[in-house]
Amino acid sequence: ELFQDAIGVSDEDLIVEVAREALHFVPEDWRYYIALASGDFAKEQYDDAKRILEKGVESISPQTGIGAAKLYGLLADLYAEKGNAEEQPKADSLYQRAIEANPQDADVLNNYAYRLAKTGRELALAERYAGQAIKLRPKAAHILDTYAYILYLRGNYTLAKLYQKNALDEAGEEASGDMYEHMGDILLALGDQEEALNYLAKAAIGYESQGKSDEKAKVEVKILRVRDLSKSSTRESNSPKPIKTDPNKQR
């Protein structure tokens with residue numbers, strides 16, 4: 001009851017405090033592990049977050065259902081984003097356990113699909129999981145973005161553009177640098193360099209507002225490369241064409 005009250009007043013510190021006490025009495029309840037890990041994550045204490053989630057994976061009961069899927073999925077996200085080389089393989093197995101625990105968790109399906117896409121593995125499986133996530137949450141911008149990105153990687157550029165446009169429309173002012181960059185890449189694949197540059201410029205602005213300096217620098221390099229290619233193709237089209245002559249024809 002105290003835990004629900006803390007959630008009701010949106011007091012993050014109180015939620016963490018009550019969750020820590022509650023674990024002594026109800027160690028099998030997944031909610032307390034999620035609350036504690038979220039508190040550690042907010043403080044960028046990623047190793048502590050992983051430890052509490054690992055303890056939760058061993059302690060929760062039942063090992064299936066909505067709660068178990070959220071716990072497995074969050075730990076998988078941490079391993080995928082913040083884990084070392086030895087921990088990376090654990091992410092895949094935890095995502096799979098999460099999907100088995102609750103096949104209707106759209107975020108778990110989406111996050112695993114995006115991980116597969118970013119690592120260039122099992123793109124057909126990634127497309128299937130992302131497609132399932134869209135059926136569950138058809139208006140979720142980040143899920144639409146994942147599906148569009150996978151379609152782009154699989155060479156289905158026209159359909160990728162459609163889904164990416166839907167993602168940006170749903171995101172509105174909350175669109176991320178990733179979303180704009182994905183649209184830029186899709187347009188480049190379709191040969192629309194001018195419009196692609198517009199989206200890549202928006203991506204750079206988005207990354208800057210998100211504090212992602214490395215991503216911003218990479219997209220700025222991409223912009224320069226596209227501009228150079230565009231100038232090169234323009235010079236070639238404007239250069240005089242050589243006059244073909246028939247070597248057998250007498251003057």
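User: What volume does the second largest pocket have?

Analyst: The model is a predicted one. The second largest pocket is lined by 17 residues, and its lining has nine nonpolar, two polar and six charged residues. The space in this pocket comes to about 240 Å³.

User: Which helix gives the most to the lining of the second largest pocket?

Analyst: Helix 1 (2-8), helix 2 (12-22) and helix 3 (30-42) each supply at least two residues of this lining. Glu 12, Val 16, Ala 35, Ser 38 and Gly 39 lie nearest the centre of the pocket. With nine residues, the helix that gives the most is helix 3.

User: What is the volume of the largest pocket?

Analyst: The lining of the largest pocket has 40 residues, and Glu 81, Tyr 114, Lys 118, Asp 178 and Lys 212 lie nearest the centre. By class, this lining has 11 nonpolar, 13 polar and 16 charged residues. The volume is about 1,300 Å³.

User: Which helix gives the most to the lining of the largest pocket?

Analyst: Several helices each supply at least two lining residues, including helix 5 (66-82), helix 7 (106-118) and helix 13 (213-238). The most, eight residues, comes from helix 7.

User: Is Asp 92 buried or exposed?

Analyst: Asp 92 is found in helix 6. Beyond four places in sequence, Asp 92 touches Tyr 112, Arg 115 and Arg 121. The relative accessible area of Asp 92 is 13%, and the cut-off for a buried residue is under 20%, so Asp 92 counts as buried.

User: With which side chain does the side chain of Asp 92 make a polar contact?

Analyst: Tyr 112, Arg 115 and Arg 121 are the residues that Asp 92 touches beyond four places in sequence. The polar contact, at 3.2 Å, is with the side chain of Arg 121.

User: Where is the cis peptide bond that involves Pro 62?

Analyst: Most peptide bonds are trans. Pro 62 is found in the loop between helix 4 and helix 5. With omega at about 0°, the cis bond joins Ser 61 and Pro 62.

User: What is the phi of Glu 44, which is not a glycine?

Analyst: Most residues other than glycine have a negative phi. Glu 44 lies in the loop between helix 3 and helix 4 and counts as exposed, at 58% relative accessibility. Its phi is positive, at about 60°.

User: What is the phi of Glu 122?

Analyst: Glu 122 is found in the loop between helix 7 and helix 8 (123-136). With a relative accessible area of 48%, Glu 122 is partly exposed. Glu 122 is not a glycine, yet has a positive phi of about 45°.

Definitions and conventions. Residues are numbered from 1 along each chain as its sequence is written. This is a predicted model: local features need pLDDT of at least 70, side-chain atom pairs count only at pLDDT 80 or more; totals for chains, interfaces and linings use all residues. Side-chain values use heavy atoms; hydrogens and water are left out. On a 1 Å grid over the protein atoms alone, a cavity is a set of points where a 1.4 Å probe fits but cannot get out, and a pocket is an open set with protein on both sides within 12 Å along at least five of seven lines; lining residues have an atom within 4 Å of a point. Grid points are joined across faces, edges and corners, and a volume is the space filled by probe spheres set on the points. Helices (H or I, at least four residues) and strands (E, at least two) are DSSP runs, numbered from the N terminus. Ala, Val, Leu, Ile, Met, Phe, Trp, Tyr, Cys and Pro count as nonpolar, Asp, Glu, Lys and Arg as charged, and the others, Gly among them, as polar. Buried means under 20% relative accessible area, exposed over 50%, partly exposed in between (1.4 Å probe, protein chains only). A polar contact is a pair of N or O atoms within 3.5 Å; within protein, one must be able to donate a hydrogen and the other to accept it, and residues adjacent in sequence count only if both atoms are side-chain atoms. Contact means heavy atoms within 4.5 Å.
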